[in-house]
Each structure stands twice: as C-alpha cells, then as structure tokens.
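Hello,

Here is the structure I promised to pass on to you. Please have a look at it first, and then read my notes below.

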Amino acid sequence: MTEKTQQIAELITPPLASLGLVVEGIELLTSPGGALLRVYIDFPADRDPELPPVGIDECEAASREISAQMDVADPITSNYTLEVSTPGIDRPLFNAEQFGRFVGESAKVTLRLPVEGRRRFTGVITGVDGDTLSFEIDGKSFAVHAGNVDKARIAPDWVALGLAPAKDASGRDNRPGKGPSRGKAAGKGTRKSNSKSSHPLQSLDTADAGADVEIE
C-alpha cells in the first residue's frame, strides 16, 4: 500500500469491522479529472464458507460508512469517486498473507522491477515464506519479494469453472481477455464522492465491470 491508501485503510478498518467486514485492499487511481477510490471488502477469512458471501446489501452499508468517515477526515482533497465491491472470482491480491490463502491457484502478476528478465507473468502460487512469494512458471520455480509486486490478481480457469466456453460460434477463442475487449461504463463525477457498490460476482472478465448500484 502507498502512504495514502494505508492512511485510508486505518481510517475505515474499525468502522467496517463493526459491520463484520474486513478491508481486503484499496486502490487509489488518480487522473486530471479526479480520483477513483476503490475499496475491496469481504467477510473474515475464518468465516464458515457455507454461509452466503458478501452481497449488495453489505457493499451498500460499507459504502455509506466509508463515505461518512471520508467526509469527516477528508484524506483526499480533490474530487473523487468511491467504489466499493467484493474481490470477485478474479480477486486482486495485496499482500503476502493473501497470496498464502491461495496457494495452488494461478495468479497474474506485474512487478515493480523485473526479476530474471520478467516483469509480468502468470504462474501457480506454490508457497509463501515471510515476504518471499514462490511460483511455478512453465514447470520452473520463480520467487519474488512481496514488496516488489505492483499488481496481482487470481487468474481463474474460466472454462473449467463453466463460466466461459473455450470457443464461440465462429470458432474464436472466447475466454476472458482473449477476444475483443468490451467497453466499461464509467461512474459520473461529483464534487466529493460518488459511491457505487458492486455485486460479489461483479464481473466475469474484469474486476470493475458489471452491474453497479449507486448510493446517493
């Protein structure tokens, strides 16, 4: 996390904990027209997996709570949009602990600095030892320091999950990320924050596309 996202995490973690939720990660994306604050929430990892996952009601409640805290503390002085969602199937990974929870899964990773000539790769998470993350790429072991990870997310096998056919009617590869890109709907701007909450299965190809509900 950056210093700013760490500040926001410390601000919103206690009130979200009172709702029975945890902050899985925060992204703060800036642009000349304003900023996008994206907060990923979930239930605690030790919660009974048979219980329902975080839904739209929890996202809306979290959005209201975060907005209230942000309005008081005002850690972002420019215009920004608040987006609250669950991590989804292709969930982002923000720290070593989260990588450890998904050993055996494939992850798509972008590094801050290249290691062995690689800056971007997709590999199976094989283990976590402190801040060292281990992967298997093309049958070979590959290790990186968690602090060198710029972005990472789980790379599900969409075909195996039954969420995408291997080929469409024309015979083209129809897996997410392989075919023509789809457009994304952008939230409208506001003077301070325009919150929107996403359904847990918000997207089958990207983390920020899908049905959103805006909170006034």
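What volume does the second largest pocket have? It comes to about 530 Å³, in what is, please keep in mind, a predicted model. The pocket is lined by 26 residues, and those closest to its centre are Asp 42, Phe 43, Pro 53, Val 54 and Arg 91. Strand 1 (22-31) and strand 2 (34-42) are the elements that give two or more residues to this lining. Sorted by class, the lining holds 17 nonpolar, 7 charged and 2 polar residues.

Now to the helices. Helix 1 (residues 3-17) and helix 2 (residues 56-73) have axes that come within 10 Å and cross at roughly 135 degrees, which means that helix 1 is oblique to helix 2. Their crossing is right-handed. On the helix 1 side, the contact is made by Ile 8, Leu 11, Ile 12, Pro 15 and Leu 16. Helix 2 brings Ala 62, Glu 65, Ile 66, Gln 69, Met 70 and Ala 73 to the contact. Taken by class, the residues of this contact are 9 nonpolar, 1 polar and 1 charged.

Enjoy exploring!

Best wishes

Terms used: Residues are numbered from 1 along each chain as its sequence is written. This is a predicted model: local features need pLDDT of at least 70, side-chain atom pairs count only at pLDDT 80 or more; totals for chains, interfaces and linings use all residues. Side-chain values use heavy atoms; hydrogens and water are left out. Axes are lines fitted to C-alpha atoms, for helices over the stretch in contact, and angles run from 0 to 180 degrees between N-to-C directions. Helices (H or I, at least four residues) and strands (E, at least two) are DSSP runs, numbered from the N terminus. Angles under 35 degrees count as roughly parallel, over 145 as roughly antiparallel, 65 to 115 as roughly perpendicular and the rest as oblique. A crossing is left-handed if the near helix is turned anticlockwise from the far one by less than a right angle, and right-handed if clockwise. Contact means heavy atoms within 4.5 Å. Ala, Val, Leu, Ile, Met, Phe, Trp, Tyr, Cys and Pro count as nonpolar, Asp, Glu, Lys and Arg as charged, and the others, Gly among them, as polar. On a 1 Å grid over the protein atoms alone, a cavity is a set of points where a 1.4 Å probe fits but cannot get out, and a pocket is an open set with protein on both sides within 12 Å along at least five of seven lines; lining residues have an atom within 4 Å of a point. Grid points are joined across faces, edges and corners, and a volume is the space filled by probe spheres set on the points.
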